[in-house]
Amino acid sequence: ADKQNVPKAVNLLQSLFDLEKLKLDWEHLPLLLKHFCEITFLARVLSYFLFTFVDVEMSLAHQIQSISTFAHLITAMFQKHKTSFLTSTLIADLQAIAKSTIFNTTQLQIVDPESRYYILFKGTDRLEGVFSHAWTQDHAHNFDILQLAQKLSIGAKVNAIFQCYPDLDCSHICRNLAKAQGVDHVNPTSWIGDVHVKNVDIKAKYYTGRDKANSLLRKHFGKD
(Lines give C-alpha, C1' and ligand atoms only; values in the text may rest on other atoms or scores of the structure.)
Protein backbone atom coordinates (compact mmCIF):
# COMPACT_ATOMS: atom_id res chain seq x y z
CA ALA A 1 0.00 0.00 0.00
CA ASP A 2 1.10 3.57 -0.72
CA LYS A 3 1.94 5.14 2.64
CA GLN A 4 1.91 8.60 1.04
CA ASN A 5 -1.44 8.36 -0.72
CA VAL A 6 -2.49 11.99 -0.22
CA PRO A 7 -5.99 11.75 -1.79
CA LYS A 8 -6.89 8.87 0.55
CA ALA A 9 -5.56 10.76 3.58
CA VAL A 10 -7.46 13.92 2.62
CA ASN A 11 -10.61 11.91 1.96
CA LEU A 12 -10.30 10.25 5.39
CA LEU A 13 -9.96 13.59 7.18
CA GLN A 14 -12.89 15.07 5.26
CA SER A 15 -15.02 12.02 6.10
CA LEU A 16 -14.10 12.26 9.80
CA PHE A 17 -15.00 15.94 9.75
CA ASP A 18 -18.42 15.07 8.30
CA LEU A 19 -19.14 12.77 11.27
CA GLU A 20 -20.33 15.82 13.20
CA LYS A 21 -23.32 16.02 10.87
CA LEU A 22 -24.59 12.58 11.94
CA LYS A 23 -27.65 12.60 14.17
CA LEU A 24 -27.17 9.58 16.41
CA ASP A 25 -28.76 8.60 19.71
CA TRP A 26 -25.90 8.07 22.17
CA GLU A 27 -28.01 8.32 25.35
CA HIS A 28 -27.42 4.70 26.35
CA LEU A 29 -23.87 4.48 25.00
CA PRO A 30 -21.83 6.99 27.05
CA LEU A 31 -18.45 5.37 26.27
CA LEU A 32 -19.06 5.42 22.53
CA LEU A 33 -20.26 9.00 22.83
CA LYS A 34 -16.99 9.96 24.52
CA HIS A 35 -14.94 8.31 21.75
CA PHE A 36 -17.12 9.91 19.10
CA CYS A 37 -16.60 13.39 20.60
CA GLU A 38 -12.83 12.88 20.76
CA ILE A 39 -12.65 11.80 17.11
CA THR A 40 -14.84 14.63 15.84
CA PHE A 41 -12.90 17.19 17.89
CA LEU A 42 -9.56 16.01 16.46
CA ALA A 43 -11.06 16.02 12.96
CA ARG A 44 -12.21 19.61 13.46
CA VAL A 45 -8.76 20.67 14.70
CA LEU A 46 -7.06 19.17 11.65
CA SER A 47 -9.72 20.52 9.30
CA TYR A 48 -8.62 24.10 9.99
CA PHE A 49 -5.28 23.24 8.42
CA LEU A 50 -6.53 20.90 5.71
CA PHE A 51 -9.25 23.11 4.25
CA THR A 52 -6.84 26.03 4.05
CA PHE A 53 -5.11 24.15 1.23
CA VAL A 54 -7.91 22.18 -0.45
CA ASP A 55 -11.06 24.31 -0.16
CA VAL A 56 -10.78 26.30 -3.40
CA GLU A 57 -13.65 28.59 -2.37
CA MET A 58 -11.83 30.02 0.66
CA SER A 59 -10.61 33.60 0.44
CA LEU A 60 -7.15 34.55 1.70
CA ALA A 61 -8.77 36.33 4.64
CA HIS A 62 -10.64 33.15 5.58
CA GLN A 63 -7.45 31.12 5.14
CA ILE A 64 -5.54 33.40 7.53
CA GLN A 65 -8.32 33.09 10.11
CA SER A 66 -8.46 29.31 9.70
CA ILE A 67 -4.72 28.80 10.05
CA SER A 68 -4.69 31.09 13.10
CA THR A 69 -7.38 28.93 14.70
CA PHE A 70 -5.37 25.82 13.89
CA ALA A 71 -2.12 27.26 15.30
CA HIS A 72 -3.79 28.19 18.59
CA LEU A 73 -5.57 24.83 18.86
CA ILE A 74 -2.46 22.71 18.36
CA THR A 75 -0.52 24.91 20.78
CA ALA A 76 -3.13 24.32 23.48
CA MET A 77 -3.34 20.60 22.71
CA PHE A 78 0.45 20.23 22.77
CA GLN A 79 0.67 22.02 26.11
CA LYS A 80 -1.95 19.65 27.54
CA HIS A 81 -0.87 16.35 25.97
CA LYS A 82 2.75 16.98 24.89
CA THR A 83 4.07 14.48 22.31
CA SER A 84 1.08 12.19 22.87
CA PHE A 85 -0.76 14.63 20.61
CA LEU A 86 1.86 15.41 17.94
CA THR A 87 5.63 15.13 17.80
CA SER A 88 7.70 18.21 18.61
CA THR A 89 9.10 18.28 15.08
CA LEU A 90 5.67 18.20 13.48
CA ILE A 91 4.38 20.91 15.81
CA ALA A 92 7.35 23.11 14.89
CA ASP A 93 6.78 22.54 11.16
CA LEU A 94 3.07 23.34 11.39
CA GLN A 95 3.69 26.47 13.43
CA ALA A 96 6.36 27.56 10.93
CA ILE A 97 3.82 27.25 8.11
CA ALA A 98 1.29 29.34 10.04
CA LYS A 99 3.90 31.98 10.90
CA SER A 100 5.32 32.25 7.37
CA THR A 101 1.81 32.48 5.88
CA ILE A 102 0.95 35.50 8.00
CA PHE A 103 4.39 37.10 7.58
CA ASN A 104 4.40 36.63 3.80
CA THR A 105 0.93 38.14 3.51
CA THR A 106 2.06 41.15 5.55
CA GLN A 107 5.17 41.59 3.40
CA LEU A 108 3.15 41.45 0.19
CA GLN A 109 0.71 44.07 1.53
CA ILE A 110 3.70 46.40 1.90
CA VAL A 111 5.56 45.52 -1.31
CA ASP A 112 2.70 44.86 -3.73
CA PRO A 113 -0.84 45.31 -2.31
CA GLU A 114 -2.43 44.35 -5.64
CA SER A 115 -0.76 40.94 -5.73
CA ARG A 116 -2.40 37.59 -5.08
CA TYR A 117 -1.02 35.16 -2.55
CA TYR A 118 -1.67 31.44 -2.98
CA ILE A 119 -0.95 29.58 0.23
CA LEU A 120 -1.02 26.32 -1.70
CA PHE A 121 2.49 27.15 -2.99
CA LYS A 122 3.77 26.20 0.48
CA GLY A 123 3.17 22.57 -0.45
CA THR A 124 5.47 20.28 -2.40
CA ASP A 125 3.47 20.24 -5.64
CA ARG A 126 6.03 22.37 -7.51
CA LEU A 127 8.86 20.13 -6.29
CA GLU A 128 6.90 17.05 -7.32
CA GLY A 129 6.42 18.65 -10.73
CA VAL A 130 10.18 19.03 -11.18
CA PHE A 131 10.66 15.42 -10.04
CA SER A 132 8.10 14.14 -12.57
CA HIS A 133 9.79 16.06 -15.38
CA ALA A 134 13.16 14.63 -14.34
CA TRP A 135 11.78 11.08 -14.07
CA THR A 136 10.04 11.07 -17.47
CA GLN A 137 12.84 12.50 -19.63
CA ASP A 138 13.98 9.01 -20.64
CA HIS A 139 13.44 5.34 -19.79
CA ALA A 140 16.44 4.97 -17.47
CA HIS A 141 15.44 3.67 -14.04
CA ASN A 142 18.83 4.45 -12.48
CA PHE A 143 21.18 7.40 -12.83
CA ASP A 144 24.21 8.84 -11.10
CA ILE A 145 24.57 12.23 -9.39
CA LEU A 146 25.74 13.99 -12.56
CA GLN A 147 22.77 12.66 -14.56
CA LEU A 148 20.40 13.62 -11.73
CA ALA A 149 21.76 17.18 -11.74
CA GLN A 150 21.25 17.39 -15.49
CA LYS A 151 17.72 15.98 -15.27
CA LEU A 152 16.74 18.38 -12.47
CA SER A 153 18.18 21.30 -14.43
CA ILE A 154 16.09 20.37 -17.47
CA GLY A 155 13.05 19.76 -15.24
CA ALA A 156 13.40 23.23 -13.75
CA LYS A 157 13.56 24.72 -17.24
CA VAL A 158 10.41 22.81 -18.26
CA ASN A 159 8.61 24.20 -15.19
CA ALA A 160 9.79 27.71 -16.04
CA ILE A 161 8.44 27.33 -19.59
CA PHE A 162 5.07 26.15 -18.26
CA GLN A 163 4.92 29.14 -15.92
CA CYS A 164 5.60 31.53 -18.82
CA TYR A 165 3.18 29.71 -21.13
CA PRO A 166 0.49 28.14 -18.88
CA ASP A 167 -1.63 27.16 -21.91
CA LEU A 168 0.99 24.47 -22.67
CA ASP A 169 0.37 22.71 -19.34
CA CYS A 170 -2.98 20.93 -19.57
CA SER A 171 -2.74 19.01 -16.24
CA HIS A 172 -6.03 19.28 -14.29
CA ILE A 173 -6.66 23.03 -14.28
CA CYS A 174 -10.15 22.62 -15.74
CA ARG A 175 -11.44 20.38 -12.96
CA ASN A 176 -14.13 21.77 -10.69
CA LEU A 177 -12.67 21.21 -7.21
CA ALA A 178 -15.41 22.96 -5.22
CA LYS A 179 -16.69 20.60 -2.48
CA ALA A 180 -14.56 17.80 -3.94
CA GLN A 181 -13.34 14.91 -1.77
CA GLY A 182 -9.74 13.68 -1.65
CA VAL A 183 -8.26 16.75 -3.36
CA ASP A 184 -4.55 16.83 -4.16
CA HIS A 185 -2.31 18.92 -6.45
CA VAL A 186 -4.49 22.05 -6.51
CA ASN A 187 -3.48 24.66 -9.09
CA PRO A 188 -3.89 28.44 -8.70
CA THR A 189 -6.11 28.33 -11.78
CA SER A 190 -8.57 26.12 -9.88
CA TRP A 191 -8.72 28.49 -6.89
CA ILE A 192 -12.01 30.42 -6.76
CA GLY A 193 -11.66 32.44 -3.54
CA ASP A 194 -10.33 36.01 -3.44
CA VAL A 195 -6.61 35.85 -2.62
CA HIS A 196 -5.69 39.53 -3.11
CA VAL A 197 -3.57 40.55 -0.15
CA LYS A 198 -5.07 44.06 -0.05
CA ASN A 199 -8.42 42.61 1.04
CA VAL A 200 -7.08 40.99 4.21
CA ASP A 201 -7.20 42.57 7.66
CA ILE A 202 -4.49 40.34 9.11
CA LYS A 203 -4.74 41.51 12.71
CA ALA A 204 -8.51 41.12 12.81
CA LYS A 205 -8.43 37.67 11.21
CA TYR A 206 -5.63 36.50 13.49
CA TYR A 207 -7.56 37.46 16.63
CA THR A 208 -10.82 36.08 15.26
CA GLY A 209 -9.02 32.78 14.70
CA ARG A 210 -7.67 32.85 18.24
CA ASP A 211 -11.13 33.52 19.69
CA LYS A 212 -12.57 30.68 17.63
CA ALA A 213 -9.91 28.32 19.00
CA ASN A 214 -10.64 29.38 22.59
CA SER A 215 -14.35 28.84 22.02
CA LEU A 216 -13.80 25.32 20.69
CA LEU A 217 -11.46 24.44 23.55
CA ARG A 218 -13.95 25.67 26.16
CA LYS A 219 -16.74 23.73 24.47
CA HIS A 220 -14.73 20.50 24.44
CA PHE A 221 -12.76 20.67 27.70
CA GLY A 222 -14.91 23.05 29.78
CA LYS A 223 -14.11 26.55 31.01
CA ASP A 224 -11.03 25.41 32.94
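## Burial and the model

Buried means under 20% relative accessible area, exposed means over 50%, and partly exposed lies in between, using a 1.4 Å probe and protein chains only. By that scale Ala43 is buried, with a relative accessible area of 4%.

A word on where the values come from: this is a predicted model, in which local features need pLDDT of at least 70 and side-chain atom pairs count only at pLDDT 80 or more, while totals for chains, interfaces and linings use all residues. Residues are numbered from 1 along each chain as its sequence is written, and side-chain values use heavy atoms, with hydrogens and water left out.

Helices here are DSSP runs of H or I with at least four residues, numbered from the N terminus. Leaving aside neighbours within four places in sequence, Ala43 is in contact with Leu16 and Phe17, where contact means heavy atoms within 4.5 Å. Ala43 and Leu16 are 27 residues apart along the chain, yet 5.8 Å separates their C-alpha atoms.

Leu42 is partly exposed, at a relative accessible area of 38%. From Leu42 to Phe85 the C-alpha distance is 9.8 Å, with the two residues 43 apart in sequence.

## Leu217 and its contacts

Helix H7 (residues 202-221) contains Leu217. With a relative accessible area of 13%, Leu217 counts as buried. If residues up to four places away in sequence are not counted, Leu217 touches Phe41, Leu73, Ala76 and Gly222.

## A positive phi in a loop

Most residues other than glycine have a negative phi. Lys82, which is not a glycine, has a positive phi near 55°. Lys82 sits in the loop between helix H3 (60-81) and helix H4 (88-111), and is partly exposed with a relative accessible area of 49%.

## A nonpolar patch

Ile161, Tyr165 and Leu168 make a nonpolar surface patch of about 310 Å². Patch residues have over 30% relative accessible area and no salt bridge; nonpolar side chains (Val, Leu, Ile, Met, Phe, Trp, Tyr) are joined within 5 Å, and like charges within 9 Å. A salt bridge puts a side-chain nitrogen of Lys or Arg within 4 Å of a carboxyl oxygen of Asp or Glu. Areas come from the Shrake-Rupley method with a 1.4 Å probe, and for residues only the protein chains shown count as cover.

Definitions and conventions: Helices (H or I, at least four residues) and strands (E, at least two) are DSSP runs, numbered from the N terminus.
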